[in-house]
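Open the model in your viewer and keep the selection panel at hand. Each stop below says what to select and what is there.

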Amino acid sequence: MDDKRVMRRLAAIVAADVVGYSRLVRENEGNALAAVRMLRTGVVEPVVSSHGGRVVKTTGDGFLIEFASAVDAVEASMEIQRSLAAAHDGLALRMGINLGDVVVDGDDVFGDGVNIAARLEAIAEPGSVYVSSGIYEQAGDKVDASFEDIGPQILKNIDRPVRVYAIGGAPAAPGRETAGVRERAGRRPVIAVLLFTNMSPDADDEYFSDGLTEDIITELARFRDCRVTARNSTFQ
């Protein structure tokens, strides 16, 4: 009988995914691969390392990152998003962060702690960072950012609702609250962009309708006065 003890640890897990990667590959595979490679080596890896984290693995268009500190995970994620926004190169990331118990297998990590981070990334708006309540409780009053409580969310294959907070993309203006939940005069309107139908008889043109939907979602997400439902949630 194998009585090898399962190794576990508490970790802040960041899941990140490039928005519209499939479309970018179809348009120009070489450029897409080069852009993601530059994103990894020029932005993600240096920022993660400077905040004491490590890139666990890459998945073509995504990254799984581990931090020992919730504060470091949030600050690194915000820095990555700011760097992408400043670059104006067309790339955008969705990011999700969860604090939880993970199972350690060599250099890899597994378990609900990882799964919840991945599900948060899946529902995040392009260019945004969504965090679980555990991350908010540990980092909400320690980072220069505003948090919006978007309430308990039902996440795919997770058996309990998870309270989710969206991190503001930039520090609040002087004189305004910079930590804690951001209070608004009213809740932001929510926009859901439905999938466009391919009217062409050629099924190979399907990616045009997918790409148009992705582009509209990405552009609308730039407006901070409204919230755009993530592609994964809308298409379901």
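Which residues of α4 are buried? Select Gly113, Val114, Ile116, Ala117, Leu120, Glu121, Ala122 and Ile123: these are the buried ones in α4. Bear in mind that this is a predicted model.

**Stop 1: the length of α4**

Stay on α4, residues 112-123. Now look along the axis. An α-helix has 3.6 residues a turn, so residues three or four places apart point the same way.

**Stop 2: the whole chain**

Zoom out and colour by secondary structure. The chain holds 7 helices and 10 strands. Its 236 residues include 45% that count as buried. Turn to the contacts in the chain with a separation of 6 or more: residues 24 or more positions apart account for 68% of them.

**Stop 3: α2 against α3**

Select α2 (residues 29-50) and α3 (residues 70-87). How far apart are their axes, and at what angle do the helices pack? The axes lie 9 Å apart, and the angle is about 150 degrees. Angles over 145 degrees count as roughly antiparallel, and α2 and α3 are therefore roughly antiparallel to each other. The crossing of α2 past α3 is right-handed.

Show side chains at the contact. From α2, pick Leu39, Val43, Val44, Val47 and Val48. From α3, pick Ala76, Glu79, Ile80, Ser83 and Leu84. By class, the residues of this contact divide into 8 nonpolar, 1 polar and 1 charged.

**Stop 4: Val131 in β6**

Next, select Val131, which sits in strand β6. Is Val131 buried or exposed? Val131 counts as buried, because its relative accessibility is 0%.

Val131 and Val164 are 33 residues apart in sequence, yet 5.7 Å apart in space, C-alpha to C-alpha. Beyond its neighbours within four places in sequence, Val131 is in contact with Ile97, Leu120, Tyr136, Phe147, Arg163, Val164, Tyr165 and Ile167.

**Stop 5: Ser132 in β6**

Move to Ser132, in strand β6 (residues 129-132). Ser132 has a relative accessible area of 3% and is therefore buried. Which residues is Ser132 in contact with, leaving aside its neighbours within four places in sequence? Select Ile97, Asn98, Leu99, Leu120, Val162, Arg163 and Tyr165.

Finish on Leu120. This residue is buried in α4. It is in contact with Val131 and with Ser132.

Key: Residues numbered from 1 in each chain as written. Predicted model: local features only at pLDDT ≥ 70, side-chain atom pairs only at ≥ 80, totals over all residues. Heavy atoms only, no water. Axes fitted to C-alpha atoms, helices over the stretch in contact; angles between N-to-C directions. Helix = DSSP H or I, 4+ residues; strand = E, 2+ residues; numbered from the N terminus. Parallel < 35°, antiparallel > 145°, perpendicular 65-115°, else oblique. Left-handed = near helix turned anticlockwise from the far one by under 90°. Contact = heavy atoms within 4.5 Å. Nonpolar A, V, L, I, M, F, W, Y, C, P; charged D, E, K, R; others polar. Expected span 1.5 Å × (residues − 1). Buried < 20%, exposed > 50% of the residue type's maximum accessible area, 1.4 Å probe, protein only.
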